[in-house]
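Please examine the sequence and the three-dimensional structure shown here.

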Amino acid sequence: MCGIVGYAGHRPAIPVVVEELHRLEYRGYDSAGVACVQQGAFRVVRAQGKLSALEQLLSEQAPSTATTGMGHTRWATHGAPAVRNAHPHLSNDASLALVHNGIIENYLEIKKDLAARGYVFHSETDTEVLVNLIQECHRTEPDLRKAFARALSMAHGAYAVCLMSKDEPDAFYAARMSAPLILGVGTGENFVASDIPAFLPYTRKVVFLEDGEMVRVTSSSFAISRVQDLSPVDYRVETIEWDVQAAQKGGYRHFMLKEIFEQPKVLSDGMAGRLLEDAKGVRLPELDGLPVPSRLSIVACGTSAHAGMWGRHIIEALAEIPIQVEIASEYRYKEKLLFQPDEMVLVISQSGETADTLAALRRAKECGAKVLGLCNVVGSSIAREADCVLYTQAGPEISVASTKAMCSQMLVLTLMALYWGERKQIVSEATRAACIETLLSLPQILEKELPSMHAQAKVLARKYAQARNFFYLGRGHCYALALEGALKLKELSYIHAEGYAAGEMKHGPIALIDSAFPTFAICLADELLPKVKSNMVEVQARQGKVIAVTTPGVDLPADDLWIVPDVPSFMSGFIVLPVLQLFSYEMADYLGKDVDQPRNLAKSVTVE
Ligand code: F6R
């Protein structure tokens, strides 16, 4: 996820563009850049780090008088955060500049082809490949609009792009495919941006561009057409009523809610480029050069550790690799770290900066283990120090409580299980294809279900808001989800909650159950259902109330049934996760807690 903006108007463009980027900084903040055309040539300024670094550079230069420009704030997906990878990227002949949000899946093929034609590349980005592809198309097609459309139809993936040409200094082009892009219609000035807050102080009139559409924009005009055949598009100008702050949250009350609702996209983005064309296998080039681990220790903290616990089940089942999951703060101080040949360590961290996880990584490396990292933040310490890193591609997570990051971690762990299972020739092609088919169906299922899940969470939160304690029960992979449900409830609503493997209840915790101590049970239609069901009966026999998450047609003795769609085996985890997140979110919001910044917590725990 990155932020892009384009401006054509009557004001000096660069200050407007930078101001707009500030309101998109939540979309990415590892590097930023701007471009405009000045005296017939591109002026491109780029800086690594937060926008302030770019502003510092700009303040050291003579101000630009151009009234058309574009900018970018980056959240790296290809290539480390560095100036060479920052946008805008110029074409080889310096006639075109491009900013881009998204992933061009076939960029390596295109890059190879362009390199054979003599193009040179100065970055590791897919964006630089695309801008050179446009140059290549423009060589034989003098109409830039047509050349742009031709290049876009050759690029597969998800993108929102903004393009400028030195030959048309007062115009820019933009296009979208499965990534957000909105046109802002002003008076004597027009905008495009990845999100509405960027231009909201200037105009409330917007056109939501659709997938496969492109637009040419000047200060006084815009023309929207279809990329496929350049036919004109009928559009509707809408008026936005939100203020800037509400708009940054996409109209959601909190970032946490927005991030929960982003999970369908997190799943599609996480799969982009990682599935074979026939959808029967997984591509994880990061792991190609390494042996399949003989054993794996998964090391992480908090929610990331719960993702690891969940992943353990799927990796053991599909790849038959023995796994142990360890809390980083314990692992780092173990008396001895003992490794067998080809045993590896996988550290999981959204931020890539968690002190205990980083220390565990260093200790494991010192003891001779190969360490794999699973991170969201590109170029973070863990990403840099791991022997090999896989990125979750979930985009920045603003809310302190981790939600979409866990979903993205679970996804990559599933892909790793399929990948290693295939390399060990354990998973049949049919099983792989069935898993991938389910994975591919998840974004759509979640998209459809999230609103009704949210409504159900509201109802149950009001009903159970008096509780001071909660148990969360699950078995198998749902035990990890029970732990996560309990963590979310306590960190957000400050209600004491414990997650237990359902079978452990009668070994002590059941003594706590009474009519004021409810239980949240995860009871899916799998082979463990009868067991969880009898644990629920035991709770109810002690007057404990039970909320049960289950699938249609399951007969359960619960006080409240929360029915979710039936998704095969482990993949049901992706459906249960937002149920738990939404319940905690609604509890906290109903009780008036600070949802996005719970007390005593920090987003990145960089101290021990
Ligand atoms: C809980 C939460 C924390 C983090 C933990 C690890 O909602 O956010 O438990 O999961 O601090 O953080 P990362 O994944 O950044 O290492």
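## Basis of the report

The structure is a predicted model. Every value given here was therefore computed from predicted coordinates.

## Ligand site

The ligand sits in the second largest pocket. Its shell is formed by 14 residues, of which the closest are S304, S349, S351, T354 and E491. By residue class, the shell divides into four nonpolar, eight polar and two charged residues.

Two helices, α10 (302–319) and α16 (477–493), each supply at least two residues of this shell. The largest share comes from α10, with three residues.

For S304, the distance from a polar side-chain atom to a ligand oxygen is 2.5 Å. For E491, the corresponding distance to an oxygen atom of the ligand is 2.6 Å. For S351, a polar side-chain atom lies 2.7 Å from a ligand oxygen. Each of these pairs counts as a polar contact, because the cut-off for a pair of N or O atoms is 3.5 Å.

How much of the ligand's accessible area does the protein cover? On its own the ligand has 410 Å² of accessible area, and the protein covers 90% of that area.

## A buried asparagine in a strand

N101 belongs to strand β6, which spans residues 96–104. Is N101 buried or exposed? Its relative accessibility is 4%, so N101 counts as buried, the limit for that class being under 20%. The side chain of N101 also reaches the backbone nitrogen of C2, at a distance of 3.0 Å.

## Backbone geometry

Which residues does the cis peptide bond with omega of about -5 degrees join? That bond joins H87 and P88. P88 is located in the loop between β4 (68–74) and β5 (89–90).

Positive phi values are found at A279 and at S569, neither being a glycine. A279 has a phi of about 55 degrees and lies in the loop between α8 (263–271) and α9 (285–288). With a relative accessible area of 24%, A279 is classed as partly exposed, because that class covers values between 20% and 50%. For S569, phi is near 30 degrees; this residue is in the loop between β24 (560–563) and α18 (573–590).

## Loop residues and separations along the chain

A401 occupies the loop between β19 (388–391) and α14 (404–423). Its relative accessibility is 0%, so A401 counts as buried. A401 and R74 are 327 residues apart along the chain, and 23 Å separates their C-alpha atoms.

D514 is placed in the loop between β21 (496–501) and β22 (519–522). D514 is partly exposed, its relative accessible area being 39%. Along the chain D514 and R542 are 28 residues apart, and the distance between their C-alpha atoms is 5.8 Å.

## Summary

Among the closest residues of its shell are S304, S351 and E491. Elsewhere in the chain, N101 is buried in β6, a cis peptide bond joins H87 and P88, and A279 and S569 have positive phi values.

Technical notes:
Residues are numbered from 1 along each chain as its sequence is written. This is a predicted model: local features need pLDDT of at least 70, side-chain atom pairs count only at pLDDT 80 or more; totals for chains, interfaces and linings use all residues. Side-chain values use heavy atoms; hydrogens and water are left out. A residue is near a molecule or strand if one of its heavy atoms lies within 4 Å of it. A polar contact is a pair of N or O atoms within 3.5 Å; within protein, one must be able to donate a hydrogen and the other to accept it, and residues adjacent in sequence count only if both atoms are side-chain atoms. Accessible areas come from the Shrake-Rupley method with a 1.4 Å probe; for residues, only the protein chains shown count as cover. On a 1 Å grid over the protein atoms alone, a cavity is a set of points where a 1.4 Å probe fits but cannot get out, and a pocket is an open set with protein on both sides within 12 Å along at least five of seven lines; lining residues have an atom within 4 Å of a point. A molecule sits in a cavity or pocket if more than half of its atoms lie within 2 Å of its grid points. Helices (H or I, at least four residues) and strands (E, at least two) are DSSP runs, numbered from the N terminus. Ala, Val, Leu, Ile, Met, Phe, Trp, Tyr, Cys and Pro count as nonpolar, Asp, Glu, Lys and Arg as charged, and the others, Gly among them, as polar. Buried means under 20% relative accessible area, exposed over 50%, partly exposed in between (1.4 Å probe, protein chains only).
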